[in-house]
Protein chains: 2
Amino acid sequence: MTIPKAYQELCELARECAIVESIDALLGWDEQTMLPPMNGQYRAQQMKYVAGLIHNQRTNPKWTQLLDELENGDWRPNPNSDQHTTLKQLRRKVDRAARQPKELVQDLAEATVIGQQVWAKARKENCFADFLPALRKIVELKQQQADALGHKGNRYDALLDEYEPLATTEAIEIVLSELKQKLVPLIQRIAESQHRPSSSVVRGPFPIENQRKFATQAATAIGFDFQRGRLDVTTHPFCTEMGPNDCRITTRYDEVFFNTAFFGVLHEAGHGMYEQGLRSSMYGLPSGQYCSLGIHESQSRLWENMVGRSFGFWEHFYPSAQSLFPEPLNGGTCEEFYAAVNAVEPSLIRVEADEATYNLHIIIRFELEQELISGNLPVEDLPQAWRQKYHDALGVTPETDRDGCLQDVHWSAGLFGYFPTYSLGNLYAAQLFQQAENELGDLQLQFRDGKFDLLHQWLNEKIYSHGQNYPADKLVENATGHPLSSQPFYDYLFKKLGPIYQL
Amino acid sequence: MTIPKAYQELCELARECAIVESIDALLGWDEQTMLPPMNGQYRAQQMKYVAGLIHNQRTNPKWTQLLDELENGDWRPNPNSDQHTTLKQLRRKVDRAARQPKELVQDLAEATVIGQQVWAKARKENCFADFLPALRKIVELKQQQADALGHKGNRYDALLDEYEPLATTEAIEIVLSELKQKLVPLIQRIAESQHRPSSSVVRGPFPIENQRKFATQAATAIGFDFQRGRLDVTTHPFCTEMGPNDCRITTRYDEVFFNTAFFGVLHEAGHGMYEQGLRSSMYGLPSGQYCSLGIHESQSRLWENMVGRSFGFWEHFYPSAQSLFPEPLNGGTCEEFYAAVNAVEPSLIRVEADEATYNLHIIIRFELEQELISGNLPVEDLPQAWRQKYHDALGVTPETDRDGCLQDVHWSAGLFGYFPTYSLGNLYAAQLFQQAENELGDLQLQFRDGKFDLLHQWLNEKIYSHGQNYPADKLVENATGHPLSSQPFYDYLFKKLGPIYQL
């Protein structure tokens, strides 16, 4: 049976949407990297105009009309084919949009714009009380949104579904609490270890231009394609795509701390390689779009940590690092440097956390936001609950809310259900990396030789090329033969940290 | 009488147009400076989409409706007021659009897109015959366009009007042929002079990073505001604005030739200071938009040449130049350097021409394009006519059409009537500069002290702040007390070149 005309029209509609969204992405990227300081207000007007265009496209009744026509017709594409995925995912999108009353959507948009402004000020002034009313309003609206979207008893499921489609709170809860039970004693043992790697080698003068060169060299080596992308400077690093061959990563440089820019670039390059690996021919359609935030984060963490913080990687790159940064590095060994970039230290701030403690930061947020959404935790009790959880899980207690529950932007922006995707990313990354080692031979030997292409190709085949054709858990199970589990991540961590801390 | 609601609506419509045009400008700027090489095709799709939005806005029947309502009402804003200008200029725009049949507009759009592609290839391969059919088609369509727009016997007037509103071919012809009569013998005398400044001092090595620093320092000093603008690298330098506080200039660096980037930056900064000087509060309305291309060019040439190639300027900047570029400059004097950047040498290529010969390149094109549009010069005879004119005016004859009539993009893009605005710019610049000197005292003394603000303020008051409230010739006459004339430019040139060449 030939492809119906309505399907072609549906694809055209989706591709036109993608064009406008890509223009929005350019305006956003430029704002964060290039915009002359005084033009912020006009940029807001430009982005508001484009937001209006996007809104008009998303609410076009043509979507439902075409989908209804196709679903009621005789044409039935094969399950998990690109065409099947197009219909399924666009229907999902249209339905989620239709279930939310217009008033609620507008209220949420307003509350989160205000929320972020209030949060930024409250954080700066370390005053949770100032943020409380705005946060309370946002939590209420997110509860309403979850109920409007629909769920089987657990409101949080409905919110999670936005970022990690089809995932359930229950499944994530089981795997993350298993992980927590393993991580807490591991971190305890590390804290008690007598062997502490010196971090002085990653501190101290790293000239920015050479950092840029080195990070670019490493990003190129692992597979980020600068013919189809860029690297620029920003305040809050991110990766964005604005075309099938235009993926831009950003970083910030710290002249006295190596890790910020270098591992930041590998992280964003990991995101970027996923975007660059999506099929260009499917650009704008679900089969050419990333599967879930958890899968996206698995790609960034895999290249940042499992590759970028591996010993084989540094056997290859350490001589370059020494020649670019003679002052801090010439006296030291590759082994010392490797230990320094893998040092574990419980801390208060998520974005500065090491690989071992990072997931505890996430689990705390995941637990707290579930309780906020269920209504079991009154919003005013958040600071105290935060302190208690940090004390119990990490043995550190923030003295201020600025270093506590005010540190992240997410909740002020209404992003409830987003945090667990960071940990899912870590777990998926470890599962994928373990399987890749099983199939591709000793990866550390390959890295030592500067060879990253086999791993890159493997991810391309197993992850990138499928777009949204499978849900995240199925995609990883197809690639690894195993359902979501915390064991590979824990094994990976112990294998690395055991020798460093002589556990 | 209060301002009618229809006027507010008209302004809103114009401002919304400006938002979309500014987004188009960002897409264009990014394409020329930042775009990853492989994303060109998708960028074309994005720009095509935005071109569609712009087209829809320009053809919105609301324009005529609101203008009709206002013109038939009782409200009469004062002549040359902002409100009067808004009505007058928007009516002008709407009328010009209405006079052109849709089919002709589309044919022209197509013919010039193809024209530019064919031209680029023909130029590369030095084959005018390949370009001939495309150029013939464009000339025919431009003739039709001129007739559709309407004129009083001289078709060229109708085309000129697009770039230099209300200017007449006759007036420009008189002043440019006067100029030519003075320039040809001057250039002859220079060619015969025994005193030839050495140009070796502006030849190599000028490390690019230091060129960037130096040009940025100079652009800042003359008044380009980097809080409201940027400087980036591109292949074909330009200045573009995409917001009331977002004007971006571009340049290209030549490691072995000082003039390219440095005077290029001053030139674009001159354009940029005009844009930055337009009233932000009037952004998107005619009173906040540049007056004509001739006036725009007067601002770039004034800062590039009358300021940037003046002796006072170099008395101030030469020590910085020496410390940034010790290798080529440390042996030489400021006087030698000043003479080198003002050297005159008849050549074949317009964009590389010096101040004295530049206008002859323009006059040749102005004469030829008038004949093409009138039909007096058959398109196939263009190469021969070009060679003859170069021989007669500049004493040089191109051996190839690549260095002859194929060198500029303008005709392939349908830009007939554009060239004379370059010379008008030079003449206006000299008139303005002369008047500024009359009013502000010895500018060279000010430049020597690094003081450019009085001149900048004067231009702000006389030119920038008026937007389109006056036509170009009136604006300059208001500022200087004199109508358009070639005398100040010739006087300026002779005063500078006389001593250098000991004429």
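User: Which helices of chain B do the buried residues of H20(B) pack against?
Analyst: This is a predicted model, where local features need pLDDT of at least 70, side-chain atom pairs count only at pLDDT 80 or more, and totals for chains, interfaces and linings use all residues. Helices (H or I, at least four residues) and strands (E, at least two) are DSSP runs numbered from the N terminus. A residue is buried if 20 or more other C-beta atoms, placed from the backbone, lie within 10 Å of its own, exposed if 12 or fewer, and partly exposed in between. The buried residues of H20(B) pack against H11 (293-307), H17 (420-440) and H19 (453-462) of chain B.

User: Which residues of H20(B) are buried, and what arc do they cover around the axis?
Analyst: Helix H20 spans residues 472-480 of chain B, and its buried residues are Ala472(B), Asp473(B), Leu475(B), Val476(B), Ala479(B) and Thr480(B). They lie on the same side of H20(B), because their arc (directions from the helix axis to the C-beta atoms) is only 160 degrees.

User: Which residue follows H20(B)?
Analyst: Residues are numbered from 1 along each chain as its sequence is written, while chains are lettered from A and ligands numbered from 1 in the order in which they are written. The residue after H20(B) has a positive phi, near 80 degrees: Gly481(B).

User: Which element gives the largest share of the side of chain B that touches chain A?
Analyst: Contact means C-beta atoms, placed from the backbone, within 7 Å; 25 residues of chain B are in contact with 25 residues of chain A. H1 (5-33), H2 (40-58) and strand E1 (229-233) of chain B each supply at least two residues of that side. The largest share, six residues, comes from H1(B).

User: What radius of gyration does chain A have?
Analyst: Chain A has 21 helices and three strands. The radius is taken over C-alpha atoms, and the globule rule is 2.2 Å times the number of residues to the power 0.38. For 503 residues, a compact globule would have a radius near 23 Å, which agrees with that of chain A: 23 Å.

User: How much of chain A is buried?
Analyst: Its C-alpha atoms fill a box of roughly 70 × 55 × 50 Å along the principal axes. Of the 503 residues of chain A, the buried share is 44%.

How values were computed
Contact = placed C-beta atoms within 7 Å.
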